[in-house]
Amino acid sequence: MGDDFVLQFEGISKQFPGVKALEDVSFDLRRGEVHMLVGENGAGKSTLIKILAGAHRHDAGRIVINGQPAEIQNPAQALARGVSVIYQEFNLVPFLSVAQNIFLGREPRHPKIPGLIDHARMNAESRALLESLGVDIDPRTMVHYLGVAQQQMVEVVKALSVNAQIVVMDEPTSALTTREIEQLFAAIRRLTARGVGVIYISHRLEEVFQIGDRVTVLRDGKWIASMNVRDATMDVIIQAMVGRTIDRLFHRDFMTDKGQVALAVRNLHRHGVLQDINMTVRCGEIVGLAGLVGAGRTELARVIFGADPYDAGEVTIFGRTLRGSPVECVAIGVGFLPEDRKREGLALILPLRENVVMASLRRLFPSGIIRRAKERGVVSDFVKSLDIATPSINRMTKFLSGGTQQKVVLAKWLCTQSRFLIFDEPTRGIDVGAKAEIHQLMNELVKQGAAILMISSELPEALNMSDRIYVMHKGRITKELSREEATQEAILRHAMGVTI
Amino acid sequence: MSKDWLSRLSRVATIILLLVALSVISPAFLSAQNLTNVLRQASLLFLLAAGLTVVILTAGIDLSIGSVLALSASVAANFIQQGWVWGGSLIGLFIGAACGLLNGLMVALIGLPAFIATYGMLWVAAGFAQVFMKGEIISGFPTSFRLLGAGHLLGIPVPILVMAAVLAAVAFTLRRTSFGRYVYAIGANREAARLSGINIRGNLLLVYSLSGLVSAFAGLVYVSRINAVESTIGEPLLLPALAAVCIGGTSLFGGEGGIEGTLVGALIMTLVTNGMNLLNVSPYWQSFVMGAIVVLAVAIDQLGSEKAGRT
Amino acid sequence: MSDNVWRAWARRATMAPGAVYALILLSLIFSLFTAQFLTLPNLANVGMQAAVLVIVALGMTLIILSEGIDLSLGPVLGLAGVILALCVKQQMPLALAILLAILVGAAFGALNGVLVAHLGLPPFVVTLGTFGMAQGLALVLTEGASIPGLGPGIQYFNDGLIAGLPVPIVMTAITFLVIYVILYHTKFGTYVFALGGNQEALGLAGVPVRLYKTGVYVLGGALAGVGALVMTGRMNAAHPTVGVGLEFDAIASVLLGGTSFERGKGWLAGTLIGVAAVSVLRNGLNLIGLSTSWQVSMVGTVIILAIVVDALRGI
């Protein structure tokens, strides 16, 4: 029976600094099956795939491909073992033809003239591959002129052309329309009909039942369950995904009477990203924004903050309808703690001191001239009150730890005296102690009358911290849950687009 | 921090080494006259490099400084020669600022890569300077104008005083004003700066306009000093100015460095030129040396920061 | 039906690079204002003068496609010409002299390429530095003077005929064909597009990215060496600063021709049209009686307008 498995993970573990990303994960992939991999954000799916693709190295356990232990140390070795990963950002070159993309790095030689590429053969083979998947694309077309769905198909064909035995797809349908999804599924079925094993990561539960043969659930880096899809129900899968207990690490003081409306969003629309968003956030409350990666939460936050444009609708903050720019938002007291603090929240090569006052220079020094003593005082106060661990306020920000860096970003917005704060994944990648401190701070802030919109992928965090929770799925708000209604199951259900 | 000190130390050491080497090679070097001369030459280079430093701190570049200098100096000189010292100077400064503003519009508003926008400006300005001068040389300016480049105040040559003033002004602006903070923030992480509510476009427009303005000012000092102007005076100035900024430790990737470094860089470049003159090296070697120094300076800086783990 | 055809044409027209419009417009204007413009001798003259520019611009096209730039190509061409002339004056065999000139170009390309590809330095600063180096070397080797009177061997590259066609035209045509084949029919060419379009994908495909990036600059430098041959032939002399500014016309031609700094978008034939537009502009301004200085500012303005319009059109 061992021959039946094209791939086996045996006790894979992976430790990142401070985080155990994978712990003793084992599961297998049969020839010709579609194996769905589901789990919350941060469950370990991506890490597992990156290990398979040769982008990460595992610390313990082994990978067995076709019954043989496989050492995969880089992408080239993964490719040689017949592993092909289709990432969410496409690896296509826009101004090369479909055929040239499919054969990139493996161009066939011209039979007669040395040094030249055999375009005829490349096109013919590409055409055959495309046809075998039932895809109607001329291999001579430039990829730039293809739609997203067609580009996805090119990626699939590319995987096929290297004789992949294992194809990994990471949320392949997130940008596709219903009809395009059907096309993709048809292509996947043709792949499996040839004996290719497909690992399919999805955030849409209905897809598990549409295309999956088996499903494996990961949670917090651990293997939870594998089952045949025909034996599974949505409830069983959701139960497996959320089964973790909520530890009451943090205490929230809930206010009974809320203050003025901080944020009101009406019929907000951004083409292809956000649809018909309506929401309010009041002073004195933390509103959670839940959903899975790609649901449009960060995109919504950025539009509210004026960092990205929108096509229709209205954003009103503290009664002012905004034209949409971060300059304007900061001026009226809005703060935004981005998800990727290193790329968007901090200037890492500048000292802590300059980062803290970066957004408040106009308020602190209306004349435009910086008074050193005042600056030092303000920054030192924040270092004390937020307990920022740094040897000096002049320490370059890149030398601080993740939790400390997040506190610096937080200090930046407290320094502006923001009354409405948008937190995007406030405690991601932060150790437990700092996490509790940040939660404590958020609690204090709303008690003092601030409003907070919090994006969190950690369900316990969202449940514990929020007064209310909006759940997003595919660019829409699918549900507003009160604190009483909100459970892990309810959130996941709506986040995965389950309507019943 | 230690790397910072090391590189600063190495720059000062370079200057001392050059000073010692040059005084050993040529006794004429240490004469007060030659040293004053070195400072005076350095001041011209420093002025032109000052605006460029600020642009590079925002992770931009301005390749047009040399020809903007030539264009504004050419136009200004025409008026100044006829006796309109103040009017002509103001027109020159205005032209410089306008060229800079155009650069800023292309970079900040339209979003063109800075090197190509300012490279286009390089040729437009150079062309117009030639058109304006028709290949002629204007010389002989009123004494009141010559004070700027050739005069003395309290026994010190005016250009050196100007250099000190500009150094102080730029250093103050960069360190002690909000605008200076915005310059560093934009260069260090443009997206973080934008998400902190900093007006990127407005500040970049200001930075490029200032660069044009400072170039024009450098042009006035230059013309006043050599008492003549022709359309091609700006051509050989871009490389030394860029070299001065690079040697001075301002990172081409933005957000790191400062005007003090550029002063050191300008001094080093001038000492190198001066040394080559003292050693009777053919002036034709100069552009090779300038080019090689630019390449070496950026390469060493990059290798150093790779080791220091800049992301 | 006809409506659709019109629409298709209209779409194609809006997709065409700025050079096409510039060329048509300029030709019209100059034909109207000067009788000389639309004469066979004048157009032949334009073609002959454009030969060097085409050769340099072809190399520049590949460099820009790979998301780079090379400001040193002009002075490198000047230096290669100087080397060529010096070798000829030393009675070296012509073939060897030509080879050395091309090798010097390639060597500067290699220096640029290594600094850009391996050290990750911004290409415009690196090549501005090597601009100075090449310029300085050319001046040092000639002490700033021209090297005239190189003899019939060199003059052949201007006066000679192959199958009834002037040698510069034939050389340009051959260079175009060779670069065309390289760009569209070899791995190297494919990777040039990928360097600009998606460098990461190229790396993931197991291609040695840095090696190929360096190769692009080497090819560009070598082509500047070839251009030096034609240039030196035309003047029957080498002048150390003859190439300065040529890199600007080359960049202008490439960008006008619809090749972009981003995403590896561009095409080789567009560069030909771009060169035609720049050459016609210079020639026409000449005929109208405007000096080279006007030409410089006009070309500068046209190129800025072209890039700005392209940026605003979002293509």
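A:N91, A:F95 and A:L104 supply 28% of the area that chain A buries against chain C, more than any other three residues.

This is a predicted model: local features need pLDDT of at least 70, side-chain atom pairs count only at pLDDT 80 or more, and totals for chains, interfaces and linings use all residues. Residues are numbered from 1 along each chain as its sequence is written, chains are lettered from A and ligands numbered from 1 in the order in which they are written, and side-chain values use heavy atoms, with hydrogens and water left out.

Against chain A, the contact involves 18 residues of chain A and 21 residues of chain C. Contact means heavy atoms within 4.5 Å. Four residue pairs between chain A and chain C are in polar contact, both at pLDDT 80 or more. A polar contact is a pair of N or O atoms within 3.5 Å; within protein, one must be able to donate a hydrogen and the other to accept it, and residues adjacent in sequence count only if both atoms are side-chain atoms. On the chain A side there are 11 nonpolar, six polar and one charged residues. In this classification Ala, Val, Leu, Ile, Met, Phe, Trp, Tyr, Cys and Pro are nonpolar, Asp, Glu, Lys and Arg are charged, and the others, Gly among them, are polar.

Against chain B, the buried area is about 3,300 Å², with 86% from carbon and sulfur atoms. The interface of chain B and chain C has zero salt bridges. Four residue pairs across it are in polar contact, both at pLDDT 80 or more. Four elements of chain B each give two or more residues to this side: α4 (85–110), α5 (114–133), α11 (238–247) and α13 (285–308). Helices (H or I, at least four residues) and strands (E, at least two) are DSSP runs, numbered from the N terminus. By class, the chain B side has 28 nonpolar, six polar and one charged residues.

### Salt bridges

Over all chains, the structure holds 24 salt bridges. Each is a side-chain nitrogen of Lys or Arg within 4 Å of a carboxyl oxygen of Asp or Glu.

| Pair | N to O distance |
|---|---|
| A:E107 and C:K187 | 4.0 Å |
| B:R181 and A:E375 | 2.6 Å |
| A:E444 and A:K447 | 3.8 Å |

Between chain A and chain C the count is one salt bridge. A:E107 is buried at 5% relative accessible area, whereas C:K187 is partly exposed at 29%. Buried means under 20% relative accessible area, exposed over 50%, and partly exposed in between (1.4 Å probe, protein chains only).

B:R181 lies in helix α8 (residues 178–188) of chain B and A:E375 in helix α14 of chain A, so this pair also joins two chains. B:R181 and A:E375 are both buried. The relative accessibility of A:E375 is 0%. Besides B:R181, A:E375 touches A:R353, A:V357, A:F365 and A:I370, not counting residues up to four places away in sequence.

A:E444 and A:K447 are three residues apart in helix α16 (residues 432–447) of chain A, so about one helical turn separates them. A:E444 is partly exposed at 28%, and A:K447 is partly exposed at 40%. Elsewhere, shared partners join A:R270, A:R302, A:D308, A:E344, B:E191 and B:R194 into one salt-bridge network.

### Nonpolar cores

The largest nonpolar core has 278 residues, and A:L263, A:M279, A:I304, A:I317, A:F420 and A:L453 touch the most other members. Such a core is a set of buried Ala, Val, Leu, Ile, Met, Phe, Trp, Tyr and Cys residues joined through side-chain atoms within 4.5 Å. Helix α3 (residues 40–65) of chain C gives its largest share, 14 residues. Apart from this core lies another, of 68 residues, including A:I102, A:V217, A:I469 and A:I491.

Most residues other than glycine have a negative phi. C:Q91 has a positive phi of about 65°. It lies in the loop between α4 (73–89) and α5 (94–118) of chain C, and is exposed at 68%. C:E143 has a positive phi of about 55°. C:E143 sits in the loop between α6 (123–142) and β1 (147–148) of chain C, and is exposed at 59%.

Key:
Buried area is the accessible area (1.4 Å probe) that two parts lose on being put together, summed over both.
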